[in-house]
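Thanks for coming. I have one chain to go through today, so please look at the model first and then I will talk through it.

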Amino acid sequence: MGTTSRAVRPGLPGRPRPPRRRAALSLLTAGLLLAATPGVTACSPGGSGGGASTDVALAALPRATPKGLASYYGQKLSWRECGVPGFECATLRAPRDYAKPGAGDVRLAVSRKRATGQKDARLGSLLVNPGGPGGSAIGYLQSFAVLGYPEKVRARYDMVAVDPRGVARSEPVTCLNDREMDRYTQTDVTPDTPKETEDLAAAYKEFTAGCARRSGDILGHVSTVEAARDMDILRAVLGDGRLTYVGASYGTFLGATYAGLFPDRVGRLVLDGAMDPSIPARRMNEEQTAGFETAFRSFAKDCVRRRDCPLGTKGPADAARRLKGFFRTLDRAPIPAGDPGPAGGRKLGEALATTGVIAAMYDESAWPQLRDALAAAMRDRDGSVLLSLSDSYYERNGDGAYSNLMYANAAVNCLDLPPAFTSPKEVESALPAFEKISPVFGEGLAWASLNCAYWPVKATGSPHRIEAKGAAPIIVTGTTRDPATPYRWAKALASQLSSGRLLTYEGDGHTAYGRGSRCVDDTINAYLLHGHAPRTAKRCT
């Protein structure tokens, strides 16, 4: 089941996705996931149902450190080698429940690579987060950031990452075993009969029950607010008076939340591929659905200009009809996908194929691979390439093992906001609106929005504005044809933040920093190295 910005298909929450060079990791290291459900994932920081945005603003915490937290802020990290040359690792303690700091700890994995330049030129620590929720910040740091970030930045900052609570190395949320997850990702997310609707709801319930059974102790304490408070403890323990941070996709929501809670401790914050925290879950999912439709149209426009386009050459609208028809064919009769698993392995059905296509929408550099994948599947009945795209999205490795990405994604999303829908009937009534927004993806993404309906822990968050009054300038970056975090969200967040500076990238794909725009990169690098933020909104190509 997938996830989008915070959750998209039954399981498509908003996924975090890193810059283009991120291909060294999985296809989508930094980005928003669609909701964690069978299919794709998507993220949504809004409340339940439709409706307008809220005017409630996130309140800043008191400047003085509460006595109950003094031991956390005063702890010393014990750094050690951690198997990756050049990196150190440590364990950070934080209160499991900030309302009851004496009731137990959560242990968070931290990694860093020391600045490569002269010691007297060091600017402090640069904390990075690739998004998700559920993406491993440590994995991102060790696999991409230390190579993908400019040498001048790495020379002056210690590059640091902490896996948020519930993620990867930090007391990870677990919900299903690998075989169960295989079944879950193949669940039909476009039910055509009452029986298929019941099966989809049952899949969500099984996923939820697995999370409660395996990770019940942590499920109520993996919110974005708690993760932001953990970052402030880390900032203090590292010896930095202010936080310097680059967050992508969901990482922008995490960074903005930090700014709202601790505006006086904001250093240089870059929020790339921004989310809008002020809108409810259904509206967020609708807008993300529109984002994927826009991205597909851009892909289709490019594809139909090529004689070998597997979706024909008549135009984007016809390409969309052909793709939708192909999905319907797979719904009836999945095709071989070269999977060596038990009982003949997995076949490529509609759910996995849709996830594979959505995965390629995050980065236009994946379009050639998507064309090849669609050609193989549609012409040769070979679903192996589309399956590999889907597996990359889910972080399923060649041995059939899954990371905890999708489990953490659901846990954070369902705690941060009330569900978009609470019953299948509500989804059914919303289908016409979603399908109008996206004839290709609308139906599946509407059903994916049901994933939090059965969650065992009541949401603790709700839609809110983030103003961070008094904070230093914050760069908010948006890409005009971003599939996972629509450009409107960046404009909205930049306008909410009292010191927000909007940086627009005119282009395709998810996020902007490190994707080939010299204008974007030079602007962000000047900010990180010299504190020079644009005085007004800036537009780049």
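**The sheet and what packs on it**

Thr477 stands opposite Leu503, a residue of strand 13. Helices (H or I, at least four residues) and strands (E, at least two) are DSSP runs, numbered from the N terminus. Two strands pair if DSSP finds at least two bridges between them. Strand 12, residues 474–481, and strand 13, residues 500–508, are joined by 7 bridges and run parallel.

Before I go on, the ground rules. This is a predicted model, in which local features need pLDDT of at least 70 and side-chain atom pairs count only at pLDDT 80 or more, while totals for chains, interfaces and linings use all residues. Residues are numbered from 1 along each chain as its sequence is written, and side-chain values use heavy atoms, with hydrogens and water left out.

Contact here means heavy atoms within 4.5 Å.

Of its 541 residues, 63% are buried, where buried means under 20% relative accessible area, exposed over 50%, and partly exposed in between (1.4 Å probe, protein chains only). Among contacts with a separation of 6 or more, 76% come from residues 24 or more positions apart.

**Strand 8**

Is strand 8 enclosed or open to the outside? It is largely enclosed by the rest of the structure, because 6 of its 6 residues are buried. Both faces are covered: Leu243, Tyr245 and Gly247 are buried on one side, and Thr244, Val246 and Ala248 on the other.

Which strands pair with strand 8? Strand 6 runs parallel to strand 8 and is joined to it by 3 bridges; Leu127 has Tyr245 as its bridge partner there. Strand 9 also pairs with strand 8 in the parallel sense, over 5 bridges, and Gly247 has Leu271 of strand 9 as its bridge partner. Strand 8, helix 7 and strand 9 form a right-handed β-α-β unit. Right-handed means that, with the strands pointing away from the viewer, the path from the first strand over the helix to the second runs clockwise.

Ser249 sits in the loop between strand 8 and helix 7. Ser249 is not a glycine, yet its phi is positive, about 55°. Its relative accessible area is 0%, so Ser249 is buried.

**Individual residues**

Next, Thr523 in helix 17, residues 518–530. Thr523 counts as buried because its relative accessibility is 6%. Its side chain reaches the backbone oxygen of Cys519 at 2.7 Å and makes a polar contact with the side chain of Lys538 at 2.8 Å. A polar contact is a pair of N or O atoms within 3.5 Å; within protein, one must be able to donate a hydrogen and the other to accept it, and residues adjacent in sequence count only if both atoms are side-chain atoms. Not counting residues up to four places away in sequence, Thr523 touches Ile475, Leu503, His532, Pro534 and Lys538. Leu503 is the residue opposite Thr477, where I began.

Arg371 lies in helix 11, residues 367–380, and counts as buried at 13% relative accessibility. Leaving aside neighbours within four places in sequence, Arg371 contacts Phe299, Asp302, Cys303, Arg306 and Pro310.

Lys152, in helix 3 (residues 151–156), counts as exposed at 60% relative accessibility. Lys152 and Leu528 are 376 residues apart in sequence and 9.9 Å apart in space, C-alpha to C-alpha.

**Backbone geometry**

Gly132 and Pro133 are joined by a cis peptide bond, with omega about -5°; Pro133 is in the loop between strand 6 and helix 2 (137–148). Ala168, also not a glycine, has a positive phi of about 50°. Ala168 is in the loop between strand 7 (157–162) and helix 4 (178–185), and at 25% relative accessibility it counts as partly exposed.
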